[in-house]
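Subject: Structure for you, with notes

Hi,

Here is the structure I promised to send over. My notes follow below it; have a look and tell me what you think.

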Amino acid sequence: MDLSFLKRQMAGDDALVARFVAIFKAQVPAQVSQLPGLCENEDWEELSSAFHSLKTQFNYLLMTDFAEQMRELEESVDNGETAFIATRIAEFTKTFDLFWQTEFREN
Amino acid sequence: MTSLLLIDDEVQYSELTKEYLEMKGCNVVLKHDGQAGLDAFKMNSFDLCVLDIKMPKKDGFTLAEEIKEINETTPIIFLTGQSLKEDKIKGLMLGADDYLTKPFSMEELYLRIKAILKRVKVQEKAIVIEQYQWGNSKFDLELRELTVAGEKIKLTSIESKLLKLFCEHQNKVLTREVAMMGIWGDEEHYRGYSLNVYVSKLRKFFKPDSSVEILNLHGEGYKLVSKQRVIS
């Protein structure tokens with residue numbers, strides 16, 4: 001995980017960085033797992049908020065590909081373009097789960 | 001101490017921002033939705049507000065409009081996950097003083113807050129206030145004259161001092177201690193009864209003007225709330 005940008009944004013405060021990462025690890029997988037359900041229930045407002053939140057979190061950790069996908073999905077939902085959202089969420093969660101297992105695999 | 005209202009729906013991350021600003025010596029009230037933020041703004045006095053734009057219940061733009069209706073001089077900084085030019089323009093048109101795109105640097109946020117407050121203090125010093133004017137009311141300090149809905153009321157020295165204090169704390173809390181010190185130069189317990197009487201008199205004077213209200217903040221003091229403010 002590249003923490004260089006996050007460190008700059010947290011004014012070099014290691015304690016704040018560590019707490020940010022802890023929140024990230026606890027919050028992001030839970031938010032990602034909720035995406036398909038929100039889509040299924042057509043809760044577009046909540047879904048847009050979730051994409052919005054994930055986008056910012058990915059950006060802090062320089063996960064720019066994920067951040068860009070979140071930005072596109074948020075924009076689609078906000079514009080009412082929801083026809084292919086379920087498929088795109090399924091693709092994203094698959095990639096994300098793989099990434100997460102590799103990056104944060106428990107020893 | 002600088003008093004800040006921070007409103008951000010990212011519950012856990014915004015705690016980090018709050019703690020950083022508190023480490024820098026600010027007093028921060030943190031709320032997580034627009035409505036709770038507005039309620040906090042009505043009940044307290046803040047030097048500056050930091051508002052997220054995309055929030056549940058009430059977005060940052062709507063909230064900024066409502067804050068400006070209560071106190072048009074309170075500086076506002078918007079935080080947003082978007083970097084859309086239209087959003088920046090909309091924010092600035094609503095009277096925002098600055099704009100930060102997430103992910104933002106904590107230090108940059110703090111420095112911008114400091115810069116805005118420095119600018120505000122300079123502006124306040126440059127204004128010599130002799131008259132206060134609201135919707136249908138006008139207070140001439142030199143003449144000790146209050147005009148409400150066209151009717152002129154000659155104020156006593158104490159009424160005038162109290163109203164001046166309210167004007168100086170408009171849309172902010174005027175504590176009982178500050179009021180008593182400002183009027184009588186001491187905080188003797190028995191002054192409290194007199195203060196209640198003078199506040200009631202001012203309320204009565206303002207009765208014909210619905211745009212002005214003196215709120216009773218239990219255990220704190222009073223707040224003069226006006227939807228419009230013009231200083232000349």
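Let me begin with one lysine. In this predicted model, the side chains of Lys102(B) and Asp8(B) meet in a polar contact of 3.4 Å, where a polar contact is a pair of N or O atoms within 3.5 Å (within protein, one must be able to donate a hydrogen and the other to accept it, and residues adjacent in sequence count only if both atoms are side-chain atoms). The side chain of Lys102(B) also has a polar contact of 3.4 Å with that of Asp52(B). Lys102(B) sits in the loop between strand S5 (98-101) and helix H5 (106-126) of chain B; helices (H or I, at least four residues) and strands (E, at least two) are DSSP runs, numbered from the N terminus. With a relative accessible area of 8%, Lys102(B) is buried (buried is under 20%, exposed over 50%, partly exposed in between; 1.4 Å probe, protein chains only). Neighbours within four places in sequence aside, Lys102(B) is in contact with residues including Thr56(A), Glu10(B) and Leu79(B), contact being heavy atoms within 4.5 Å.

Before I go on, some housekeeping. Residues are numbered from 1 along each chain as its sequence is written, and chains are lettered from A and ligands numbered from 1 in the order in which they are written. As the model is predicted, local features need pLDDT of at least 70 and side-chain atom pairs count only at pLDDT 80 or more, while totals for chains, interfaces and linings use all residues; side-chain values use heavy atoms, with hydrogens and water left out.

Now the interface. Chain A brings 23 residues to the contact and chain B brings 16. The two chains bury about 1800 Å² between them, 56% of it on carbon and sulfur atoms; buried area is the accessible area (1.4 Å probe) that two parts lose on being put together, summed over both. On the chain B side, Tyr13(B), Lys54(B) and Pro103(B) lose the most area to chain A, together 36% of what that side buries.

Three salt bridges cross between chain B and chain A, a salt bridge being a side-chain nitrogen of Lys or Arg within 4 Å of a carboxyl oxygen of Asp or Glu. Asp78(A) and Lys54(B) form a salt bridge, with the closest N and O atoms 3.3 Å apart. H1 (11-23) and H5 of chain B each supply at least two residues of the side that touches chain A, and H1(B) gives the most, with six. Lys54(B) also belongs to a salt-bridge network with Lys55(A), Glu74(A) and Asp78(A).

What about the rest? Chain A has five helices and zero strands, and 42% of its 107 residues count as buried. Over all chains there are 16 salt bridges. In chain A, Arg71(A) pairs with Glu68(A) in a salt bridge, the closest N and O atoms being 2.8 Å apart. These two are three residues apart in helix H4 (residues 64-78) of chain A, so about one helical turn separates Arg71(A) and Glu68(A). Arg71(A) is partly exposed at 32% relative accessibility, and Glu68(A) is partly exposed at 33%.

Chain B has a salt bridge between Glu168(B) and Lys164(B), with the closest N and O atoms 2.7 Å apart. Glu168(B) is partly exposed at 41% relative accessibility, as is Lys164(B) with a relative accessible area of 31%.

Cheers
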